[in-house]
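Here is a short briefing to read alongside your structure.

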Amino acid sequence: MVDHAQIAARLTSPEGFLALCDESGVVGAKKKAKAAFDLWNQADQTYVGAYRGIPAPGGKGTGFVIRLFWDPSTTTPDLGAIEAAINGAVPVDLIQADEKATYKQRDKKQGPFFHWQGMSSRPLSQWFGERFGVGACATQLFDRSDLTQDVAAVAVTGGVDHLWSFTAPQ
Amino acid sequence: MTVGRAARNAGGWLLTAVGVVVIIVATTADYRFSGSAGVLIAVAAAVSTLVPVLVGAAYLAVRRRNRTTEAVEGATVSPRARAVQTSLASVLDRVNDSTDDALGLHRVVLGDRLKLTAAALLEVGDRWDALSFIWFVRPSQAGDFPRSQHLRNLPAWAQDAVVLLDLRRELQLRGTESALSDEPGFYRHGFARVCEAARRTGSSELVDALLAARRDVGQPQRLLELLDDVQVWGGLAQLPPGSAR
């Protein structure tokens with residue numbers, strides 16, 4: 001069981017972000033950690049919640065992954081039904097359109113603290129939000145960890161949400 | 001495991017073994033096929049590629065016919081038509097598994113299994129299983145499901161079940177005010193319809209709790225408890241399958 005409150009308590013400094021990052025040794029990670037922390041600190045609303053990446057149809061090469069994130073204190077989504085819906089019911093063109101939009105809107109300068117942004121305004125996230133109460137975005141599958149990470153840090157600034165995903169510390 | 005299934009499994013293994021031996025003989029021995037053997041092999045190869053494609057095409061045709069039937073007011077797909085579709089789907093499962101979805105029909109088949117239709121419910125049989133089926137596939141329906149022909153074509157008890165399960169979902173996701181609102185929404189059916197469904201369960205407690213929640217919007221706890229109570233669902237679930245209401 002992941003203790004989200006404990007992880008949230010550690011996100012009080014750039015070092016806290018750095019410790020959660022998968023690639024904390026990469027050049028420039030410290031600087032990016034500070035940028036991430038500033039964004040987190042100045043956000044109107046933040047929560048540390050659950051993350052889940054599920055492979056999705058419609059992609060080429062490594063394929064697509066749909067990144068889901070939610071606040072476990074308010075919702076407990078039915079992951080089996082979500083997986084079935086992704087494989088059988090979510091329109092493929094909706095997934096493809098969202099992947100394009102998500103890639104276009106990404107913050108290109110974020111490096112090791114990569115985060116996705118603006119999900120809540122897009123139709124795919126609304127599709128999942130309406131049905132399951134979770135936020136979502138579709139991206140290319142970049143790394144194995146996209147499917148194994150389990151913690152989401154979500155910060156909302158001026159109606160735009162930002163998503164970082166991490167692996168919970170053991 | 002039944003005897004029939006065991007025999008089929010053994011037969012399958014035997015055929016595989018014969019196939020392997022034939023391949024080994026054909027590839028290693030200095031062996032030339034006679035004219036008729038060559039023709040036989042060509043025919044076998046053609047059949048083994050054609051049959052899966054034909055099954056796929058047949059599935060799409062049957063599915064289309066069933067869909068057209070379902071779209072008509074009050075019409076339901078005959079059990080036989082549904083059975084044909086289900087059998088073809090299970091053959092396609094094998095084809096998709098062994099060819100890594102070369103036909104590209106895996107998603108189509110799965111999508112059809114997630115459709116909430118009267119015929120699909122008949123196949124489930126047991127009412128309690130039907131309730132879990134409705135709960136599981138409900139989020140995968142189209143956005144306008146509450147106002148669609150698909151909902152109106154379900155048996156009356158299933159329509160009530162959909163309405164109450166949707167109430168439960170909406171309560172949990174967005175709270176009392178949203179759940180009892182008359183505005184259209186993915187899990188919303190309007191307060192009057194919700195009350196009607198609650199009355200059909202025969203649980204006066206549920207109806208009272210609904211009315212109280214509407215008057216005094218706040219804690220959805222009491223409603224949630226009642227919606228999780230097996231006895232409340234008994235009214236909908238205990239009638240024998242197929243009985244008219």
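A disulfide is counted here when two cysteine sulfur atoms lie within 2.5 Å of each other. With that cut-off, a search of the whole structure, which is a predicted model, turns up zero disulfides over all chains.

**Cysteines**
- A:Cys21 takes part in no disulfide, and the nearest cysteine sulfur, belonging to A:Cys137, is 18 Å away.
- Is A:Cys21 buried or exposed? A:Cys21 counts as buried because its relative accessibility is 8%, and the limit for buried is under 20%.
- In the other chain, B:Cys195 has 4% relative accessibility and therefore counts as buried too.

**Where chain A meets chain B**
- Chain A brings 21 residues to the contact and chain B brings 17 residues.
- About 1,300 Å² is buried between chain A and chain B, with carbon and sulfur atoms giving 55% of that area.
- How many salt bridges link chain A and chain B? The count is zero.
- Polar contacts between chain A and chain B come to eight residue pairs, with both residues at pLDDT 80 or more.

**Chain A's side of the contact**
- Helix H4 (79–88) and helix H6 (123–132) of chain A each supply at least two residues of the side that touches chain B.
- H4(A) gives the most to that side, with seven residues.
- By type, the residues on this side of chain A are 11 nonpolar, seven polar and three charged.

Technical notes: Residues are numbered from 1 along each chain as its sequence is written. Chains are lettered from A and ligands numbered from 1 in the order in which they are written. This is a predicted model: local features need pLDDT of at least 70, side-chain atom pairs count only at pLDDT 80 or more; totals for chains, interfaces and linings use all residues. Side-chain values use heavy atoms; hydrogens and water are left out. Contact means heavy atoms within 4.5 Å. Buried area is the accessible area (1.4 Å probe) that two parts lose on being put together, summed over both. A salt bridge is a side-chain nitrogen of Lys or Arg within 4 Å of a carboxyl oxygen of Asp or Glu. A polar contact is a pair of N or O atoms within 3.5 Å; within protein, one must be able to donate a hydrogen and the other to accept it, and residues adjacent in sequence count only if both atoms are side-chain atoms. Helices (H or I, at least four residues) and strands (E, at least two) are DSSP runs, numbered from the N terminus. Ala, Val, Leu, Ile, Met, Phe, Trp, Tyr, Cys and Pro count as nonpolar, Asp, Glu, Lys and Arg as charged, and the others, Gly among them, as polar. Buried means under 20% relative accessible area, exposed over 50%, partly exposed in between (1.4 Å probe, protein chains only).
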